[in-house]
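Please open the structure in a viewer and follow the stops below in order. Each stop gives a selection and describes what is found there.

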Amino acid sequence: MTRRYLCMSKRHNKKPEEIPCLEGYQTEKRTISMLAANLWAMGVMFVFMIVGIALLLFRKPLVDESISLFGSVWLLLVILPAIAVHELIHGFTWMAVTHSGFKHLSFGLLPGGVYCHIDVPMTKRAYCCGALMPLLLLGVVPYIISLFVGSVWLMVLGAMMIGCAMGDVLIVWAIRKESPNTLVYDHPSEPGCMLYHPLTK
């Protein structure tokens, strides 16, 4: 018999959302600590910034850009929209892999972070694709580009967005041993997901 979860979080005044149960499957909760995610984020961000600065120093001296007021203002203006875009990338990637509509997405705030939730079950492969896409597009790609063009501020932005994606990385790590075709449902009130395991007869 499946275990039925009722999520009692009042995210932005939403009614509690019931975890869908699938006939013939047993659900298992896999979530992470928001505190651990934030600690990992700060640590990873710091490491990538130090490595990036070292590589840029090795490549060429940091002159005007390192003290540029324009660069500092640019970073401050970009970082908050980048966090919003991070969540949109989650949502639109999950929409694409599940062939669902925007009505299945919800966005909001959690203590210590922001979230995007989709109320459609999907395979682990699809879930991980949507979970890690912001890391790739907003973190890894800008970071690598910054090392080629010698941009300190682009490197800092990339490092910060890599750090912001650490919660997603921890969630993917938590389900790494599951089959790629395991069914996954994004948890509506906690950072993590629900797994659906076939019942053995």
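**The largest pocket**

Begin by selecting Met34, Glu87, Val114, Cys164 and Asp168, which lie nearest the centre of the largest pocket, among its 33 lining residues. A pocket here is an open set of points on a 1 Å grid over the protein atoms alone, where a 1.4 Å probe fits, with protein on both sides within 12 Å along at least five of seven lines; lining residues have an atom within 4 Å of a point. The model is predicted: local features need pLDDT of at least 70, side-chain atom pairs count only at pLDDT 80 or more, and totals for chains, interfaces and linings use all residues. Residues are numbered from 1 along each chain as its sequence is written, and side-chain values use heavy atoms, with hydrogens and water left out.

Next, select helix H1 (34-59), which supplies six residues, the largest share of the lining. Helices are DSSP runs of H or I with at least four residues, strands are runs of E with at least two, and both are numbered from the N terminus.

**The open sheet**

Now display the four strands in the order E1-E6-E5-E4, an open sheet with antiparallel pairing; two strands pair if DSSP finds at least two bridges between them. Strand E1 (25-31) and strand E4 (122-123) each have a single partner strand, so one side of each lacks a neighbour in the sheet. Zoom in on Met122, whose bridge partner in E5 is Val184.

**Around Leu75**

Finally, select Leu75. Beyond its neighbours within four places in sequence, Leu75 is in contact (heavy atoms within 4.5 Å) with Trp153, Val156, Leu157 and Met160.
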